[in-house]
Amino acid sequence: MDSAVQRIENYETRLYCLLAEELAAGPRRVDFEEYARKMGCSRSTVTRNVGKLLDAGIVGVKDGKLFLKE
């Protein structure tokens, strides 16, 4: 069970790092399939972890575009 929890946390961290690079220039639409390929996981894993980042207040969404919160 601990390895599963760690894997989820790792996906969240890896996703944040990828998003931080992409969104540094400003808000943009994100292709979850593309991120799933980059991370070697499923689209639903990306969706779930974007939700976690949104809930944590790390990223936001406006007009369908993700942006980094400061």
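I looked up aromatic pairs (rings of Phe, Tyr and Trp, the last by its six-membered ring, with centres within 6.5 Å) and found 0 in the structure. The model is predicted: local features need pLDDT of at least 70 and side-chain atom pairs pLDDT 80 or more, while totals for chains, interfaces and linings use all residues. Residues are numbered from 1 along each chain as its sequence is written, and side-chain values use heavy atoms, without hydrogens and water.

I next noted that the charged end of Lys38 sits over the ring of Tyr35, 5.0 Å from its centre; the criterion is NZ of Lys or CZ of Arg within 6 Å of the ring centre and within 35 degrees of the ring normal.

I then turned to the helices (DSSP runs of H or I, at least four residues). The axes, lines fitted to C-alpha atoms over the stretch in contact, of α2 (residues 32-39) and α3 (residues 43-55) come within 8 Å and cross at roughly 105°. The two are therefore roughly perpendicular (65 to 115 degrees). In contact (heavy atoms within 4.5 Å), Phe32, Glu33, Tyr35, Ala36 and Met39 of α2 meet Arg43, Val46, Thr47 and Val50 of α3.

Finally, I checked the strands (E runs of at least two residues). Strands β1 (residues 59-62) and β2 (residues 65-68) pair (at least two DSSP bridges) in the antiparallel sense over 4 bridges. Val59 has Leu68 in β2 as its bridge partner.

Methods: Rings of Phe, Tyr and Trp (its six-membered ring) pair if their centres lie within 6.5 Å; planes under 30 degrees apart count as stacked, over 60 as edge-to-face and the rest as tilted. Axes are lines fitted to C-alpha atoms, for helices over the stretch in contact, and angles run from 0 to 180 degrees between N-to-C directions. Angles under 35 degrees count as roughly parallel, over 145 as roughly antiparallel, 65 to 115 as roughly perpendicular and the rest as oblique.
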